[in-house]
Amino acid sequence: MKSIYKKYFLLLLIIICILFYYIFIVNHRPVEIVAIHQDENYSFVLVKNFPSSKSNKIAWWIENKDSLARQYGIPLPAPYGGFSIVFFSISKGYKEKGKYDRLCFIDMKPPKNCIDKEKIFSVTYSKNRGTIFTVSSGEYKIESNNKIKKVN
């Protein structure tokens, strides 16, 4: 009987180790910026290996916003100061327009100038709302005490 429990315990331990390894690897791969497309005050950033959790996405933005401004000139605010940066997964590459829900870029020549809309994160700024981070679970804002608070 003890032998069966040892086997189950060992199997469970192996599964837990594999899970932790996978989570660690997925959350610690460097983000790869594949391309940036600009449309007035909207920036579309195509990425690979973006962090998966809400807090890691926001932390990545805070850590990299200055280098994004230096290297890529984003955000590019409108005359009134507002901007939007939308991060899309580009894991499947550029596609032809064909499909219903694709985002096509006018700064590229067709036919392969579109992507599937796999939005993973966005950062918007307006004078009324301040900086808002949007992820699949909703909108968030950083409060004065550096805590992340859900907006809606």
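Biologist: What share of the 152 residues counts as buried, and what makes a residue buried?

Modeller: In this predicted model, 31% of the 152 residues count as buried. Buried means under 20% relative accessible area.

Biologist: Why is E40 called exposed?

Modeller: The relative accessible area of E40 is 65%. Exposed means over 50%, so E40 counts as exposed. E40 is found in the loop between strand 1 (32-39) and strand 2 (42-48). Its phi is positive, about 55 degrees, although E40 is not a glycine.

Biologist: Why does N49 count as partly exposed?

Modeller: N49 has 27% relative accessibility. Buried needs under 20% and exposed needs over 50%. The value for N49 lies in between, so N49 is partly exposed. N49 sits in the loop between strand 2 and helix 2. Phi of N49 is also positive, near 65 degrees.

Biologist: How many helices and strands are there?

Modeller: The protein has two helices and nine strands. Along the sequence the pattern is α-β-β-α-β-β-β-β-β-β-β.

Biologist: Why is the protein called more spread out than a compact globule?

Modeller: Its radius of gyration is 20 Å. The globule rule gives 15 Å for 152 residues. The value of 20 Å is well over that, so the protein is more spread out than a compact globule. The C-alpha atoms fill a box of roughly 75 × 45 × 30 Å along the principal axes.

Biologist: Which residues does a cis peptide bond join?

Modeller: One joins I74 and P75, with omega about 5 degrees. P75 lies in the loop between helix 2 (54-72) and strand 3 (83-89). Another joins P110 and P111, with omega about 15 degrees.

Key
Residues are numbered from 1 along each chain as its sequence is written. This is a predicted model: local features need pLDDT of at least 70, side-chain atom pairs count only at pLDDT 80 or more; totals for chains, interfaces and linings use all residues. Side-chain values use heavy atoms; hydrogens and water are left out. Helices (H or I, at least four residues) and strands (E, at least two) are DSSP runs, numbered from the N terminus. The radius of gyration is taken over C-alpha atoms; the globule rule is 2.2 Å times the number of residues to the power 0.38. Buried means under 20% relative accessible area, exposed over 50%, partly exposed in between (1.4 Å probe, protein chains only).
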